[in-house]
Amino acid sequence: MRTAALLHVTLSAFMELPPKRIPVGGQAVIEGVLMKGPEHWGLAVREPGGAICLKSWLGSDWLKGGFWKWPVVRGFATMVEMMRIGMRALSLSADISLGEEEKISPWEMVLSVGAALLGVVGIFLALPMFISEYITSHFALSHFGKNIVEGCLRGVIFVGYVAAISMWKDIARVFEYHGAEHKTINAYEHDAPLTPESVAHYSRIHRRCGTSFLLVVIVVSIIVFSLIGGGSVLWRVGSRVVLLPLVIGLSYEFIRGASNSETWGKYCIMPALSLQYITTREPSADQLEVAIAALDVALDPDKGNSD
């Protein structure tokens, strides 16, 4: 369960793509929600006894200037930071929600991280490439056609993976908290009262969600990977790994612009939003309470225990 949850966190690392007007974002963790405020991170997790544990910490400074603020570069840098913070939050949430007796060891976390990264490379990069090679050899497709097939396969595998893990009870709980996170951010962006009763009326779909971003990554990867030639298996797999930061950076710039546009961006991002009906579930009032608490502590870190 922890490996699947971590893989979901890794794939959803781009929720923190806020417009300048309202600098908040977040992601779901185990029995809780992580939120990003203007300067601080806030984590709220439901304890086994029913209380809500709150933690806060200051965000990193390295993303705020210099080379890391350049277009395209900032996209990959943001993902690296979100993965780092997401893994920390996931580890904390597991320790809090499971209790001291079932606390996750550093070695178990390393294994979970390694399994998640291998899963991303193997399932979402290498497997579609090998299947597209097999299909190409039978239908004599062009290099560009092969990359279209590869991209479509990557999308089908990703959607199938998400749909499969959504049937897992523990992951379904994470998706419910994901829905609570979206509803809370939507309510906040509309200046609504942050109470479970008020937040419940808002949509669980959000334009800046990381799962929508990943569909953009698939389209961009078709274009980028089509620009490089063929070669050995090692070259093809290696080139995709090496070019992944570029694909992520370009996708970030696209979704950043689309998220701030009420014209072209609104309609370009609309097809990707449908995936959120799988990765989010309608949350309970208790889960909304946790998401609201996470946003509160992100905006006012004095409410949580500082790490």
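Analyst: The following turns treat a strand and then a pair of helices. This is a predicted model, in which local features need pLDDT of at least 70, side-chain atom pairs count only at pLDDT 80 or more, and totals for chains, interfaces and linings use all residues. Residues are numbered from 1 along each chain as its sequence is written, and side-chain values use heavy atoms, with hydrogens and water left out.

User: Which strands pair with β2, and in what sense?

Analyst: Two strands pair if DSSP finds at least two bridges between them. Strand β1 (residues 25-29) pairs with β2 in the antiparallel sense over five bridges, with A28 partnered by V33. These two strands form a hairpin with two residues between them, and E31 in the turn has a positive phi of about 55°. Strand β3 (residues 40-46) is also antiparallel to β2, joined by five bridges; here G32 stands opposite V45.

User: Are the faces of β2 buried or exposed?

Analyst: In a regular strand the side chains alternate between the two faces of the sheet. G32, L34 and K36 on one side of β2, and V33 and M35 on the other, are all buried (under 20% relative accessible area, 1.4 Å probe, protein chains only). Five of the five residues of β2 (residues 32-36) are buried, so the strand is largely enclosed by the rest of the structure.

User: How do α2 and α8 pack?

Analyst: Two packed helices are described by the angle between their axes and the distance between the axes. Helices α2 (residues 73-98) and α8 (residues 233-259) pack at about 100°, with axes 7 Å apart; they are therefore roughly perpendicular (65 to 115 degrees).

Conventions
Axes fitted to C-alpha atoms, helices over the stretch in contact; angles between N-to-C directions. Helix = DSSP H or I, 4+ residues; strand = E, 2+ residues; numbered from the N terminus. Parallel < 35°, antiparallel > 145°, perpendicular 65-115°, else oblique. Buried < 20%, exposed > 50% of the residue type's maximum accessible area, 1.4 Å probe, protein only.
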